[in-house]
Amino acid sequence: MKMQSYPFDTHLKDTGFGYTLSLISGKYKMTVLYCLHLNNGPIRYNQLKRSIGSVSYKTLTNTLRELERDQLICRKEYPQVPPKVEYSLSKDGESLIPVLDAICFWGEEKLKS
(Lines give C-alpha, C1' and ligand atoms only; values in the text may rest on other atoms or scores of the structure.)
Protein backbone atom coordinates (compact mmCIF):
# COMPACT_ATOMS: atom_id res chain seq x y z
CA MET A 1 0.00 0.00 0.00
CA LYS A 2 1.39 3.38 -1.02
CA MET A 3 1.67 5.89 1.79
CA GLN A 4 0.26 9.30 0.99
CA SER A 5 1.25 12.50 2.70
CA TYR A 6 -1.08 15.46 2.88
CA PRO A 7 -0.12 19.09 2.38
CA PHE A 8 -0.13 21.22 5.50
CA ASP A 9 -2.75 23.57 4.07
CA THR A 10 -5.37 20.78 3.98
CA HIS A 11 -7.74 20.45 6.89
CA LEU A 12 -7.47 17.02 8.46
CA LYS A 13 -11.24 16.55 8.26
CA ASP A 14 -11.00 16.83 4.45
CA THR A 15 -8.60 13.87 4.16
CA GLY A 16 -9.21 10.14 3.98
CA PHE A 17 -8.09 9.92 7.59
CA GLY A 18 -10.69 12.48 8.65
CA TYR A 19 -13.42 10.74 6.69
CA THR A 20 -12.59 7.36 8.22
CA LEU A 21 -12.56 8.84 11.71
CA SER A 22 -15.95 10.44 11.11
CA LEU A 23 -17.35 6.96 10.38
CA ILE A 24 -15.78 5.04 13.28
CA SER A 25 -15.34 7.67 15.97
CA GLY A 26 -17.62 7.30 18.92
CA LYS A 27 -17.35 5.37 22.12
CA TYR A 28 -18.85 2.10 20.86
CA LYS A 29 -18.72 2.14 17.06
CA MET A 30 -15.50 0.16 16.71
CA THR A 31 -16.62 -2.20 19.47
CA VAL A 32 -19.92 -2.89 17.71
CA LEU A 33 -18.19 -3.46 14.38
CA TYR A 34 -15.70 -5.86 15.94
CA CYS A 35 -18.42 -7.76 17.85
CA LEU A 36 -20.37 -8.20 14.62
CA HIS A 37 -17.21 -9.48 12.95
CA LEU A 38 -16.40 -11.92 15.75
CA ASN A 39 -19.94 -13.31 15.68
CA ASN A 40 -19.44 -14.56 12.08
CA GLY A 41 -23.03 -13.87 11.11
CA PRO A 42 -26.15 -11.95 12.02
CA ILE A 43 -26.63 -11.09 15.68
CA ARG A 44 -29.70 -9.91 17.53
CA TYR A 45 -29.81 -6.72 19.58
CA ASN A 46 -29.79 -8.27 23.07
CA GLN A 47 -27.00 -10.69 22.17
CA LEU A 48 -24.94 -7.75 20.92
CA LYS A 49 -25.67 -5.79 24.10
CA ARG A 50 -24.58 -8.74 26.26
CA SER A 51 -21.37 -9.06 24.24
CA ILE A 52 -20.49 -5.40 24.79
CA GLY A 53 -21.61 -5.25 28.39
CA SER A 54 -21.52 -1.74 29.77
CA VAL A 55 -23.38 0.10 26.99
CA SER A 56 -26.85 1.51 27.70
CA TYR A 57 -29.81 0.61 25.49
CA LYS A 58 -30.11 4.18 24.22
CA THR A 59 -26.42 4.48 23.37
CA LEU A 60 -26.37 1.12 21.59
CA THR A 61 -29.50 2.02 19.63
CA ASN A 62 -28.01 5.36 18.55
CA THR A 63 -24.70 3.71 17.64
CA LEU A 64 -26.46 1.08 15.52
CA ARG A 65 -28.52 3.77 13.76
CA GLU A 66 -25.39 5.76 12.93
CA LEU A 67 -23.55 2.70 11.64
CA GLU A 68 -26.57 1.75 9.53
CA ARG A 69 -26.88 5.32 8.21
CA ASP A 70 -23.20 5.20 7.20
CA GLN A 71 -23.83 1.80 5.54
CA LEU A 72 -21.29 -0.04 7.70
CA ILE A 73 -23.88 -2.48 9.05
CA CYS A 74 -27.05 -4.08 7.72
CA ARG A 75 -30.25 -4.25 9.73
CA LYS A 76 -32.74 -6.95 8.85
CA GLU A 77 -36.19 -6.75 10.38
CA TYR A 78 -38.51 -9.75 10.35
CA PRO A 79 -42.28 -9.10 10.24
CA GLN A 80 -43.36 -11.10 13.27
CA VAL A 81 -44.58 -10.64 16.83
CA PRO A 82 -42.53 -10.02 18.88
CA PRO A 83 -40.34 -8.11 16.42
CA LYS A 84 -37.07 -9.74 15.43
CA VAL A 85 -34.15 -7.65 14.19
CA GLU A 86 -30.69 -8.88 13.23
CA TYR A 87 -27.53 -6.90 12.55
CA SER A 88 -24.57 -7.85 10.40
CA LEU A 89 -21.62 -6.16 8.75
CA SER A 90 -22.07 -4.70 5.29
CA LYS A 91 -19.34 -5.00 2.64
CA ASP A 92 -18.01 -1.59 3.69
CA GLY A 93 -18.08 -2.69 7.34
CA GLU A 94 -16.16 -5.86 6.45
CA SER A 95 -13.56 -3.75 4.67
CA LEU A 96 -12.83 -1.95 7.96
CA ILE A 97 -11.95 -5.19 9.80
CA PRO A 98 -8.28 -5.18 8.71
CA VAL A 99 -7.98 -1.69 10.20
CA LEU A 100 -9.53 -2.87 13.48
CA ASP A 101 -7.30 -5.97 13.42
CA ALA A 102 -4.25 -3.72 13.10
CA ILE A 103 -5.40 -1.76 16.16
CA CYS A 104 -5.83 -5.04 18.07
CA PHE A 105 -2.40 -6.33 17.05
CA TRP A 106 -0.79 -3.04 18.06
CA GLY A 107 -2.51 -3.21 21.45
CA GLU A 108 -1.45 -6.84 22.00
CA GLU A 109 2.17 -5.92 21.26
CA LYS A 110 2.05 -2.98 23.67
CA LEU A 111 0.52 -5.18 26.41
CA LYS A 112 3.44 -7.60 26.06
CA SER A 113 6.08 -4.89 26.41
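Residues are numbered from 1 along each chain as its sequence is written, and side-chain values use heavy atoms, with hydrogens and water left out. Because the model is predicted, local features need pLDDT of at least 70 and side-chain atom pairs count only at pLDDT 80 or more, while totals for chains, interfaces and linings use all residues.

**Stop 1: two helices**

Select helix H2 (residues 29–39) and helix H6 (residues 97–112), which pack at an angle of about 105° with their axes 11 Å apart. Helices are DSSP runs of H or I, at least four residues, and strands are runs of E, at least two, numbered from the N terminus. Axes are lines fitted to C-alpha atoms, for helices over the stretch in contact, and angles run from 0 to 180 degrees between N-to-C directions. H2 and H6 are therefore roughly perpendicular (65 to 115 degrees).

Show side chains next: Met30, Leu33, Tyr34 and His37 in H2 meet Ile97, Leu100, Asp101, Ile103 and Cys104 in H6 (contact means heavy atoms within 4.5 Å).

**Stop 2: the cysteines**

Select cysteine 35, which is buried at 17% relative accessibility (buried is under 20% relative accessible area, exposed over 50%, partly exposed in between; 1.4 Å probe, protein chains only). The structure holds 0 disulfides (pairs of cysteine sulfur atoms within 2.5 Å). The closest cysteine sulfur to that of cysteine 35 is in cysteine 104, 11 Å away and too far for a bond.

**Stop 3: valine 85**

Select valine 85 in strand S3 (residues 84–89). Valine 85 is buried, with a relative accessible area of 15%. Leaving aside neighbours within four places in sequence, valine 85 contacts Ile43, Arg44, Tyr45, Arg75, Lys76 and Glu77.

Note on methods: Parallel < 35°, antiparallel > 145°, perpendicular 65-115°, else oblique.
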